[in-house]
Amino acid sequence: QLVESGGGLVHSGGSLRVSCAASGLTFSNYAVGWFRQAPGKEREFVAVISWTSLTDYAGSVKGRFTISRDNAKSTAYLQKNRLKPEDTANYYCATRWKITSTQTDEFYTWGQGTQVTVSS
């Protein structure tokens with residue numbers, strides 16, 4: 001099970017950190033991905049971290065967002081800086097075995113999402 005938290009309303013240029021708490025799995029063996037979905041749009045890749053903490057980012061967030069993990073807490077994080085109105089979306093975390101992917105259909109456990117709204 002994955003549970004996201006930390007979403008909310010923030011002004012453009014602000015920062016926010018969302019968390020993904022995992023249970024029922026050996027978290028250290030899994031890669032964790034963050035995806036987002038805005039109203040009327042498809043779910044898109046944001047960032048991913050492998051079981052060895054290798055990372056990858058979508059071009060639209062590279063340099064602004066940072067993904068990290070704390071295996072002792074079975075939690076992954078997405079730190080978002082210099083937020084823009086176009087970052088407004090429901091943010092989901094998901095897991096897959098060990099290695100990274102940017103494809104939604106390669107992740108098989110998903111959280112319920114947390115809403116992030118960036119005002120201009």
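An open sheet of four strands runs in the order E1-E3-E8-E7, with antiparallel pairing. Strand E1 (2-5) and strand E7 (65-70) stand at its edges with a single partner strand each, so one side of each has no neighbour in the sheet. Neighbouring strands of this sheet are turned by 15° against each other on average, direction ignored; the axes behind such angles are lines fitted to C-alpha atoms, for helices over the stretch in contact, and angles run from 0 to 180 degrees between N-to-C directions. The model is predicted: local features need pLDDT of at least 70 and side-chain atom pairs count only at pLDDT 80 or more, while totals for chains, interfaces and linings use all residues. Residues are numbered from 1 along each chain as its sequence is written, and side-chain values use heavy atoms, with hydrogens and water left out.

- Strands (E, at least two residues), like helices (H or I, at least four), are DSSP runs numbered from the N terminus.
- Two strands pair if DSSP finds at least two bridges between them.
- Strands of a sheet pair through backbone hydrogen bonds, either parallel or antiparallel.
- Strand E3 (residues 16-22) is joined to E8 by six bridges, and the two run antiparallel. Serine 19 has tyrosine 77 as its bridge partner in E8.
- On E7, the antiparallel pairing with strand E8 (residues 75-80) also extends over six bridges. Within E8, alanine 76 stands opposite arginine 69, and threonine 75 stands opposite aspartate 70.
- E7 and E8 form a hairpin with four residues between them. Serine 74, in the turn, has a positive phi of about 50°.
- E8 is largely enclosed by the rest of the structure, because five of its six residues are buried. Buried means under 20% relative accessible area, exposed over 50%, and partly exposed in between (1.4 Å probe, protein chains only).

**Buried residues and their contacts**

- Contact means heavy atoms within 4.5 Å. The contact lists below leave aside neighbours within four places in sequence.
- Phenylalanine 65 lies in strand E7 and counts as buried because its relative accessibility is 2%. Its C-alpha atom is separated by 4.5 Å from that of lysine 80, 15 residues apart along the chain. The contacts of phenylalanine 65 include Arg36, Val46, Tyr57, Leu78, Leu83, Asp87 and Tyr91.
- Valine 46 belongs to strand E5 (residues 44-49), and its relative accessibility of 1% makes it buried. Eleven residues separate valine 46 from phenylalanine 35 along the chain, and their C-alpha atoms are 5.0 Å apart. Among the residues in contact with valine 46 are Trp34, Phe35, Tyr57, Val61, Phe65, Leu78 and Tyr91.
- Threonine 95 is placed in strand E9 (residues 89-97) and is buried, with a relative accessible area of 1%. Threonine 95 touches Leu2, Leu25, Tyr30, Ala31, Val32, Phe107, Tyr108 and Thr109.
- Threonine 114 is found in strand E11 (residues 114-119) and counts as buried at 10% relative accessibility. Threonine 114 and alanine 89 are 25 residues apart in sequence and 8.5 Å apart in space, C-alpha to C-alpha. Threonine 114 is in contact with Glu4, Ser5, Gly6, Gly7, Val18, Ala89, Asn90 and Tyr91.

**Positive phi values in loops**

- Most residues other than glycine have a negative phi, and most peptide bonds are trans.
- Arginine 82, in the loop between E8 and E9, has a positive phi near 50°.
- Lysine 98 has a positive phi near 60° and sits in the loop between E9 and strand E10 (109-110). With a relative accessible area of 22%, lysine 98 is partly exposed.

**The largest pocket**

- The largest pocket has a volume of about 160 Å³.
- On a 1 Å grid over the protein atoms alone, a pocket is an open set of points with protein on both sides within 12 Å along at least five of seven lines, whereas a cavity is a set where a 1.4 Å probe fits but cannot get out; lining residues have an atom within 4 Å of a point. Grid points are joined across faces, edges and corners, and a volume is the space filled by probe spheres set on the points.
- The lining consists of Arg36, Gln37, Ala38, Lys41, Glu42, Glu44, Pro85, Glu86, Asp87, Thr88 and Ala89.
- These lining residues divide into three nonpolar, two polar and six charged. Ala, Val, Leu, Ile, Met, Phe, Trp, Tyr, Cys and Pro count as nonpolar, Asp, Glu, Lys and Arg as charged, and the others, Gly among them, as polar.
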